[in-house]
Amino acid sequence: MTVVLAATNLTKKWIAMDGHSFSYLRHFDKELTGHFKALRQQRGDKPIFLIEHGLDDDTLGEMRCHVGAHARLAGLGQGSWIGASLPLAVVITETGYSYRGTGTEFWPRFAADIGAGITQAERTDIRATFETLNTRLMAASPNESDWARAFNIIAWPIRNALAPIEIHRPLAEALGRLAATGGHNLASEDFQRRLVAIADGLWSRRLSDWLRDEDMAVGLCRNLLSGEDTATWIEPRAAARIARDIRADRDCRHALRQARRIIRAPGKTSAGQLEAASWSISVSLTDDGPQIEHLLLQGPATTQQLREKVISGIGHSATLQVKGSDGGNVLVEQFLRGEAVELRDMTAAWRGDLLTFYGITHNEVLQPLKPHPPLLFRWSDMGGVLPSLKRGEVINKDELLLNLVYSENGQYEVPTESQEIMAPENLVAWIAPAEECNLPLREFVVQTRDDRLVEFKGAARLQIEGNRIQHPSDTALFLRARVNGVRLRLKGSVDLPSSLSMGDIVLIPTSLVSTELEVLSEQRRETWQIEPVSEFRSSVFSCQTRPTRPTIDDLLSGELSLIISSPTALDETPVEIQIQLNGECIGASQTKLRGLPARIDGLAPEFVPIREAAFAEKKREGEIHLLLRLEVGGLQTFDFELQERRSSWERRASSLEWINENGVTAGPASTAMAWAPMHFESATRNAKTEGDDIRLWLPGILGAEALLEGIITGKAQLFGQSKRPTIGRVSRTPSAFRDDLGIISTCEALIAWQSASTQDMVAESRRNAVLRTLDEALASSFCGHEWLLAERADLGAAGYTVLLARASTTFCRGGFLPEISVSDRKAFTSLLAIRFEEALPFERPLEWKLDDRAVIALDAAINQAYLDLSAIMESRGDAPLEEPDAGNELDDWIRASEEAHRQLERSPFRRLILPQARWHQLEATKYNSLSDDELVELLTKSHVDISRTQGREWINPSAIRSGLALWISPADLLNTQDWHQHMTHLLSDRHTSRAIRYVARRSRYRQRQPAAHSRETYE
């Protein structure tokens, strides 16, 4: 029988073998033996730990199954495991790693792990197996302690577990206390002694025993405090696993984050911490152009106090060797005085073993000296020795930088419009402006600086060439000061302020002729030529409401939203929203938008005082005239009249009677109950009801106006006792068929219930239940029951970036990330998805690939999302979050991306919207503040008409607009000509109906995002 053995991480291949489980175990033993022997050669006299096996979860699980199968067949005696003892020991060590409790609970847990029993004699054989591995491979033996003597068998696997889970909490707490007292900078011996003292104070005997191995304990603890795998000799995957499991525990994660924050805090560690060595590059000018000669690694110029502190711990004879240099060893003391070492072999700069120390017992003290690989240097046309950029530096946008990249084959895609220069083998170098090096600069935490005194933005596209500005003659032009003490002089104008501080914004008066603006500071002077033109007029600044004819009820229910559009705008645009009664302001709120286009949702905090003022006025009897005003940073003012009624009819207070402008009255003509919203009956026969009497009344008015003038009255029974709304079955026909309801009458009922006014919160809740029932019934008729089930699963409507954001909160927790409350997690996920859209292109998410630069951008997006959430928390009066510092590996983001892809592939909408080209286009679209017209245009472009015959289109843009209005603003259907016919056409094209419903869901999803002062949040 031939069976395929799953590949291990050690061989990365598939192997075919004959036989049963023991054959597999012998192969595992061979692979593991080779792995541990390699570790032993690298480690010297330090022990190896069996937890450092390097197997992934799937392979480990397979090996555990074979161990259990052989144990059930042959037992666990030592004689039955000749040639396969190492897999058995590794599986027992895994039990020791996850084990928590007293010694008596270990063996039952191990028996459960492998599915086989174990006798007392077999336990003794297991100890003999570990002793043999200690002799053969130098596997770790238990420390001398009372606990190890009392449990002299299980002490072996628990010791080889390196850092079992049972010590994670006391270890994290001890590290937190160590950092709080400044002990993290101590030499290794004092570092260990301090930790042992803290462990004794914590009454943790197991942690005290674990700390007896100084090399292992100090190395792992420094690794956990620094968050860098390079700071320990422990096998990287084992160290990463331990760190990941510690972070999985909330208390441990909090303790470690606090410790790392203390270590990073300025002024607390700078006195006792070394800086990294810095790079310089030598460039010569030849007839063929610039040519790179060699790299220079220069030690940090430390203070005498710090230098003496370091040397006293390592000795004056300590030396270091730089790989790739021709010279011999360099005294560490001289290197700390700023001595430079020349690298002839420049590729050595990308090796992990660049610096090797000699004559030093503990290298951890000098680990901070190791530099990052060279990447960016300040360029000079004169050549010579060019310094590298350092973290935190500020440069000008137009400053030239020398980019240096290592490539094994010497091939690298150099950006266009950059100057490539000659470099040694396997290196690629080019010169480019700083503004074209965004990702490398972000990695170096380098800020770009524009040295101009002011910047300009407008309500339309500007053309800026040098100091000449052309802008549309009928649009506003804004100026923002970039430094303090700016003075402005504009010919023919006396309205400008005398002095501006950094960040101040000024509206520049414009005219139909060119003018000159003089900008002055204490040291500099700039002259700008402002030219109004009309040839390149772009789309104008505008504001729309949704729904298009807003009412007071739309405002109170949160359905009203504002969509502000403009080609460009200021990064921070001040906005004021007012509610006016008879020309007087009765409520207002102010905020700032980071950019345009933008959407302000009706449920945003900015609308709270507006809704409160409107609700107070609505309670008053008599006719009221409310006006919603939006003032956008001096650009323009937009007024929207909020109708209490949508027609010439008005309901008399405290009565079921309507009156028009001519004094004609109308009583209620029909009514329907909330639990039977489609069963309309004569109002005169149903004046009173029993039980749940929440009902909708429609006036006896001719035409469609009656649907817009309803009123919901009555009261509900106790919660849970009211009947749920039921409407019966809706047919896929325009009118009623047999006992089924028609599409048109169901749409009209949806409009009537949504447009009706009510002042009772319980009635409002019952109305919402009715609307959900009607909406689902229509969705089932137009899109099918399968679509309705997909909506209830709620997968895919959010888009790929939201799925990636959800996955990243699980897989990408590296670095320091502040804790957020459960109530804010949903808002944070939405903000994170928005930042992901900014960071990287997601137009084709299924083909999108990750690389190191993408990791930098995604980590930066995480940091920005936390800052966005912190701003929201501050605006509502909560304490701001701590400053985040995300730091994830490429593998973390690959796992998150794969999970997002799996979720996207599993999206039920994917197979329901056909053809696939339409699905891909709709899914990949960013619904950032798209207006209704843009949504219709999107659906029209992706539409495939089922009618292939010549003549009039069956599904035209008008039908698509009606379909979109049904899901977004049903009342607008009544203003649409032929909407009955459009509904009929959509019933016959299920895939187009699904596409329209999907776009409406994506658009409504954006409206539910948390309110923050940014254009993306108001999508």
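These legends accompany an overall view and several close-up views of aromatic rings in a predicted model.

**Overall view: the protein chain has 31 helices and 39 strands.** Helices (H or I, at least four residues) and strands (E, at least two) are DSSP runs numbered from the N terminus. Of the 1019 residues in the protein chain, 53% are buried, where buried means under 20% relative accessible area with a 1.4 Å probe, protein chains only. Residues are numbered from 1 along each chain as its sequence is written, and side-chain values use heavy atoms, without hydrogens or water. Because the model is predicted, local features need pLDDT of at least 70 and side-chain atom pairs count only at pLDDT 80 or more, whereas totals for chains, interfaces and linings use all residues.

**Close-up 1: Phe-130 and Trp-156 form a tilted aromatic pair.** Rings of Phe, Tyr and Trp (its six-membered ring) pair if their centres lie within 6.5 Å, and planes under 30 degrees apart count as stacked, over 60 as edge-to-face and the rest as tilted. This pair, 6.4 Å centre to centre with 35° between the planes, links Phe-130 in helix α5 to Trp-156 in helix α7, 26 residues apart. Phe-130 counts as buried at 1% relative accessibility, and Trp-156 is buried at 10%.

**Close-up 2: Phe-828 and Tyr-866 form a tilted pair.** The ring centres of Phe-828 and Tyr-866 lie 4.3 Å apart with their planes at 40°, and the pair joins helix α24 (residues 822-839) to helix α25 (residues 852-875). Both Phe-828 and Tyr-866 are buried.

**Close-up 3: the charged end of Arg-241 sits over the ring of Tyr-97.** The distance from the ring centre is 4.5 Å; a charge sits over a ring if NZ of Lys or CZ of Arg is within 6 Å of the ring centre and within 35 degrees of the ring normal.

Note on methods: Buried < 20%, exposed > 50% of the residue type's maximum accessible area, 1.4 Å probe, protein only.
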